[in-house]
Amino acid sequence: MAKGFDKDIANIHAANAAELKNRLKTGSVSGAYLFYGDEEYLKQHYSDELVKFCGDRKLNVRTFYDDDFSLTDFSDACRTNASMAVSMFDTADSADDTVCRMIRLMSVSFSGLSKSDEKYFLSQIEDPDDGVIILFYLYPGEEDKLKSDLYKKITKSALPVLFRHETYGSNMLLSWILRHFSKAGIKADRHVISYFNNYVGNDMTTLKNEIDNCIDYLRFQNRDTLTVEDVEFICKKSLNAQIFDISSKALDGDIAGAMAAYKIFRKSGEKELLIYGTLSKAVYDMCTVDRLAASGMPAAEIVKKTGMRDFVVRKTLNTVAKRNRETGGSYPAYAAEITLEYDSFLKSGRIDGYYLLEELIFKLASGNRKEE
């Protein structure tokens with residue numbers, strides 16, 4: 001969720017991407033826009049799509065950053081007519097009604113504006129001239145700017161578009177990945193594309209870089225088909241994938257695998273609570289699947305009720321059956337008990353968090369019950 005907005009408003013802003021696409025399709029692009037969110041690839045893509053309506057970029061695109069913004073320069077930029085690049089021998093008027101003028105405001109805080117300045121500034125964006133595009137652009141992690149009174153007013157005059165990361169395994173994201181490989185003449189089965197997505201992550205800039213790395217490698221190898229082994233050899237595993245390895249191996253009873261994955265994570269310097277949160281979620285999901293299965297609900301119905309993927313539900317059921325046999329009792333109940341216990345230890349702050357996490361991973365993997 002975007003900070004500064006509640007969930008419903010954030011969802012509306014995300015849905016505004018459809019309106020943005022429609023304006024680009026019809027060419028009705030004049031007006032003000034606010035781009036924000038974590039998916040930088042899409043923000044840059046749609047910013048570039050708007051720039052295409054501006055003819056010569058050097059002549060018709062003015063960019064302001066926080067340290068060089070002035071109200072006077074901004075106002076002048078809004079009133080300047082768009083121009084076409086012309087030859088010195090061309091006697092025609094250089095102004096062109098079919099070309100837009102674009103003003104980009106990159107992460108500008110507007111902290112130096114007085115109340116009267118703000119009023120004048122807002123009047124400029126409420127009804128910009130035809131052919132003028134005003135784009136407010138916030139980088140990932142800058143959503144706090146949206147809490148300011150001025151930015152709240154900007155969202156009422158501009159079209160706010162929230163660019164979120166696509167969820168892992170979404171049809172849109174998998175199709176996008178496959179399209180880039182196909183365009184380069186590289187073939188890949190759907191399960192390999194899904195594995196690539198889970199292994200690399202869901203940030204599209206990172207994905208595109210790793211796609212290009214895979215393409216370059218396969219061309220060097222004179223091959224045209226991507227495999228899981230290629231992904232593991234070429235690509236950098238995402239932080240989420242590393243954390244998932246820890247939790248899945250711990251719950252599956254693979255102590256060596258879980259600790260090996262944990263040591264790689266610890267070297268990254270990330271906070272231990274990232275792993276604990278994933279472990280807690282994995283245990284909660286396992287308990288939910290176990291409870292629904294015990295009530296007689298078939299796997300297909302559990303998938304529908306929980307929204308979990310089919311293969312995840314089936315793998316969880318197999319894990320529960322295996323761990324119940326190994327521990328001689330209800331492994332989900334044990335995992336929930338031990339996770340809650342370490343939650344209180346971590347929150348007390350009296351013991352090193354990494355030390356506690358190592359103990360928790362070991363106990364979840366071993367499945368040993370406490371002495372009664």
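**Close-up 1. Residues around the second largest pocket of this predicted model.** Here we're looking at a pocket lined by 17 residues. Lys21, Leu42, Tyr46, Glu166 and Met172 are the ones that lie nearest its centre. As for space, the second largest pocket comes in at about 380 Å³.

**Close-up 2. Elements and residue classes in the second largest pocket.** Which elements give two or more residues to this lining? They are helix 2 (17–26), helix 3 (40–51), strand 5 (159–162) and helix 8 (171–183). Helix 3 gives the most, with four residues. Sort the lining by class and you get 11 nonpolar residues, two polar and four charged.

**Close-up 3. Space and central residues in the largest pocket.** Now for the largest pocket, which holds about 1,200 Å³ of space. Its lining takes in 30 residues, and the closest to the centre are Phe244, Ser247, Ser248, Phe311 and Val312.

**Close-up 4. Helices that line the largest pocket.** Two or more lining residues come from each of helix 9 (190–200), helix 12 (239–252), helix 14 (272–294) and helix 16 (310–327). Which helix gives the most to this lining? That's helix 12, with 10 residues.

**Close-up 5. Residue classes in the lining of the largest pocket.**

Notes. Residues are numbered from 1 along each chain as its sequence is written. This is a predicted model: local features need pLDDT of at least 70, side-chain atom pairs count only at pLDDT 80 or more; totals for chains, interfaces and linings use all residues. Side-chain values use heavy atoms; hydrogens and water are left out. On a 1 Å grid over the protein atoms alone, a cavity is a set of points where a 1.4 Å probe fits but cannot get out, and a pocket is an open set with protein on both sides within 12 Å along at least five of seven lines; lining residues have an atom within 4 Å of a point. Grid points are joined across faces, edges and corners, and a volume is the space filled by probe spheres set on the points. Ala, Val, Leu, Ile, Met, Phe, Trp, Tyr, Cys and Pro count as nonpolar, Asp, Glu, Lys and Arg as charged, and the others, Gly among them, as polar.
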